[in-house]
2 protein chains.
Amino acid sequence: MYTIGVDYGTESGRAVLVDTRDGREVATAVYPYPHGVIDERLVDSNQPLPPDWALQDPQDYIEVLKHTVPEVLKQSGIGPQEVVGIAIDFTACTMLPTKRDGTPLCFLPEWRSNPHAWVKLWKHHAAQPHADLINETARRMGEGWLQRYGGKISSEWFFSKTLQILQEAPDVYAASDRLIEAADWVIWQLTGVETRNACTAGYKAMVQDGKFPEQDYFAALDPRLRDVIDTRMSRQFAPLGGCAGQLTEQAAQWTGLRAGTPVAVANVDAHVSVPAVKVTEPGTMVLILGTSTCHMLLSDKLQTVEGMCGVVPDGIIPGYYGYEAGQSGVGDIFAWFVDNAVPPEYHEAAKAAGMDLHQYLESEAAKQRPGESGLIALDWWNGNRSTLVDADLTGLLIGATLATRAPEIYRALIEATAYGTRTIIEAFEDRGIPINQLVAAGGLPEKNKLLVQIYADVTGKPIVLAGSTQAPALGAAMHAAVAAGVYPTIQAAAETMGKLKSGSVTPVPENQAVYDRLYPEYKTLYDYFGRGANDVMKRLKQIKYEAREVAGA
Amino acid sequence: MYTIGVDYGTESGRAVLVDTRDGREVATAVYPYPHGVIDERLVDSNQPLPPDWALQDPQDYIEVLKHTVPEVLKQSGIGPQEVVGIAIDFTACTMLPTKRDGTPLCFLPEWRSNPHAWVKLWKHHAAQPHADLINETARRMGEGWLQRYGGKISSEWFFSKTLQILQEAPDVYAASDRLIEAADWVIWQLTGVETRNACTAGYKAMVQDGKFPEQDYFAALDPRLRDVIDTRMSRQFAPLGGCAGQLTEQAAQWTGLRAGTPVAVANVDAHVSVPAVKVTEPGTMVLILGTSTCHMLLSDKLQTVEGMCGVVPDGIIPGYYGYEAGQSGVGDIFAWFVDNAVPPEYHEAAKAAGMDLHQYLESEAAKQRPGESGLIALDWWNGNRSTLVDADLTGLLIGATLATRAPEIYRALIEATAYGTRTIIEAFEDRGIPINQLVAAGGLPEKNKLLVQIYADVTGKPIVLAGSTQAPALGAAMHAAVAAGVYPTIQAAAETMGKLKSGSVTPVPENQAVYDRLYPEYKTLYDYFGRGANDVMKRLKQIKYEAREVAGA
């Protein structure tokens, strides 16, 4: 018996066909979104998008199904009758407004040219003022749920984005019948049934202990928002590993699977990766290192941790509090650097060495000793998700001299993201939630050995590597197996289908000693620029917006 | 009647043959130093140099004479009998140890492999601990001359470098009979007579009102230094515009000039540029913008200005206090950026546009409005000369996002150097020394119009451009004319031979308004990182040195 997990990432979707007996990944297919991340100009129009916007086209998600699922069936030679379930995982919060029947507003000619009608991708960061209002209002009204999110809601989340739509495009808000996570929207397209997965509801839409905040709270944000839940959302939440419905005839046509195939409740990419690396107990933090990093942790204690993304009972694995924290730019920062700040000589040297530029810079950076560059960076090119929860923070590099070279900066950026992870680990440990080891999953650890060693050296924790390079898709396939009844629980599925590499990467004491001197420097800068002593980053952003408005006028 | 000025820069020497009647530059020849700046490995050896070292080969200076002077004679068709004088200007403090007859220690086989036997170039920055000792000792002993240097002697200066030789290579110190500015050494080679120009003595060797500090002070630095002046230097100073001697037979052979041709006392490149741009009165600050920037200003008042490089009576123009301040990295920082941080796409675009990369980045940066990048930098890639006088400070860039592109950083670096100049201007104005306009000389303003506009917008001062792209060589030729008796004073020479462009670049009020908001951000960072609130830059350098020592072990 086989299941299929479809992982919706930032740039592409990936289907993996998995053998439920042992978790073997039989076939994989990737399909890049035709419209990618829409952050410069709206599709079909010349309309420039403001800074910090990031949209997607929901049609691209359907295209992923149409291309990747038939492809894994074809590759594997496995017939649709052998596929007992399908599940997806998604970036979050990635959300869109739709009509009552699920039609995205951006599919309708009358709304197509309005950017607010499109999918707001997780890394759409233009709703910071709305997040600020959500946080101030919650603090003023003494809303208890706020502490479950480390005291701050992120600009990336559901109601920050919702409030931005309402206030900047009230006509789009009025025309929308449903506001929904893209993950749930795809399940709706597959099954014909609208469900709301408990995971995004809990982590991204302020649902705690099964309940949204009260209507009065929403009304305090904006009177027009009072009835948002009852008019545009749902108070029913579908549990992880549950069955959302069966594949429709149309979806069967798209995918080549049988109509009636069980479809699991939608999941979040990071959360679904945890059982995929066999973590079903407290004590191990799972890092999903990709364009951004998610930090996932189980505990039997409910605690308030500064700037965590959220804690949700049963939010990752049933029976435990599931904690999530994150760094909003990691692989994205390295990619920015490689694309925008590396001179031709390294491009040529990489070519000559038959390596891609990341690999080549890594090999050069690996020759340096910790501290040898004299550089330190704050890893805020894409804001800070934990522990400061502030999208308006920006990147900093300090220590450059005329002798500074690209591989040194590359290494400093890796180190900065490692310091960021250490900051998050310490925030949990400060609250008595122990972390004994790390598991590294996602695309980065596989490609970048230096990064894993630096993370071990900076955090002082041993790191075990995920056994699959496609942990999210594998995790989704495991949830499909649970939804289809192949396994009674996700824990049982994890035992058989989850995968870890043998051995671990351990800290090198000499390196640790240097990083223990550098990390306090990072922390001092972190606190100085991140906690209000010098809000220069915010003022520079403000001046930037004003300058662009003048330029646009 | 003609004179020749030879300008010794950081990378090359340049001779200009000038008509003394009108300052017309009849012919020019440039010769790059065969060994350039020696900052990675010592010549003839595989010996790596430590960080912050910068040496030169004195033979290269002779090669400049041999190549450029004959070349300008040939180009112009002017005979040696029509050349009535020659003068040179030089970077400073650039110094070397020699034997009694002027032979550089590095010419001798037994010393050739010792880096301390070579010329220490102005930007040799490894003597910061020695500068620190010089400053602490002077403060402790209440040395009055310290205030003439803004309260701090730079690591670049004569006795910082001397003390480094003494303490790190006592054998080199012991073997040296003379310690001398490279400028004076070249004049020695031309005339056979050792002179010491009053300008470098005053600005770089702590000579004030004709006197060095007392022997007790030198002994307090290091007992072995007590007699440094009387054993290795001179208490006689030759005035600017004076005649140092006549060309020897050998130097006549090198240059193709007549033996006996008057040779002027050596000069400093920045100082000699002031009369070359017709500035012989207070109120106008001359910026010589090149790899680094010098700020030159005349006043009839003697004042203590924070972190100025120095004030010397008659140090620039007779009859006035000559003030010097500076920024230790300007064009050097832009060159670093262009060489080390610009991705291939801009190299290709520049090529396609038929521009060099600096020009292309400038044209792209010129499309941005002030503040639009959201970036701010501290221009300390090469330390800070004024007002902090600290070679251990390093570069900082803040405000980067995933959308940041190379031309934005390029512009931010230009802006940072402009803020640095504004800081210096304000230090003078705070002490009641007025600055009504700026004159921009040196290589940068000629090539980079955007830079001049940004400097006007940031400082709020109108800027007049130098009339010659070779102001130092022209200024040297003017001093040669004075030394040869063609003009009675440098003021008289400036009136006829000095050159300014007509018109001026004035501040754009809208730009000024934005920079008036950004400049306080620069100042806050400047003070925070530069004045001890957070010495992270120094600690990173310390860790860097330790890491490199371990690596070298």
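Predicted model: local features only at pLDDT ≥ 70, side-chain atom pairs only at ≥ 80, totals over all residues.
## Strand 5 of chain A

Strand 5 of chain A covers residues 83-90, and eight of its eight residues are buried, so the strand is largely enclosed by the rest of the structure. Here a residue counts as buried when its relative accessible area is under 20%.

Strand 5 of chain A is paired with strand 1 of chain A, residues 2-8, through seven bridges, and the two run parallel. Within this pairing, A:Tyr8 stands opposite A:Phe90. Strand 5 of chain A is also joined to strand 11 of chain A, residues 267-268, by two bridges, again in a parallel arrangement.

## The largest nonpolar core

In soluble globular proteins, nonpolar side chains tend to be buried together. In this model, the largest nonpolar core contains 150 residues. The residues with the most contacts inside that core are A:Phe428, A:Phe529, B:Phe428 and B:Phe529.

## The largest cavity

Rolling a probe the size of a water molecule over the atoms shows where empty space is left. The structure holds nine cavities of 30 Å³ or more, and the largest has a volume of about 180 Å³.

Fifteen residues line the largest cavity, and those nearest its centre are A:Leu397, A:Ile409, B:Trp336, B:Leu397 and B:Ile409. Two or more lining residues are given by each of these elements: helix 11 (331-340), strand 17 (395-400) and helix 14 (406-430) of chain A, and helix 11 (331-340) and helix 14 (406-430) of chain B. By class, the lining of the largest cavity has 15 nonpolar residues, with no polar and no charged ones.

## The second largest cavity

The second largest cavity holds about 100 Å³ of space. It is lined by 13 residues, and A:Asp184, A:Arg196, A:Ala201, A:Ala205 and A:Met233 are the closest to its centre.

Helix 6 of chain A, residues 198-204, gives the largest share of the lining of the second largest cavity, with three residues. By class, this lining has six nonpolar, three polar and four charged residues.

Definitions and conventions
Residues numbered from 1 in each chain as written. Chains lettered and ligands numbered in written order. Heavy atoms only, no water. Buried < 20%, exposed > 50% of the residue type's maximum accessible area, 1.4 Å probe, protein only. Helix = DSSP H or I, 4+ residues; strand = E, 2+ residues; numbered from the N terminus. Pairing = 2+ DSSP bridges. Core = buried A, V, L, I, M, F, W, Y, C linked by side-chain atoms within 4.5 Å. 1 Å grid on protein atoms, 1.4 Å probe; cavity = no way out; pocket = protein on both sides within 12 Å on 5 of 7 lines; lining within 4 Å. Points joined across faces, edges and corners; volume = space filled by probe spheres on them. Nonpolar A, V, L, I, M, F, W, Y, C, P; charged D, E, K, R; others polar.
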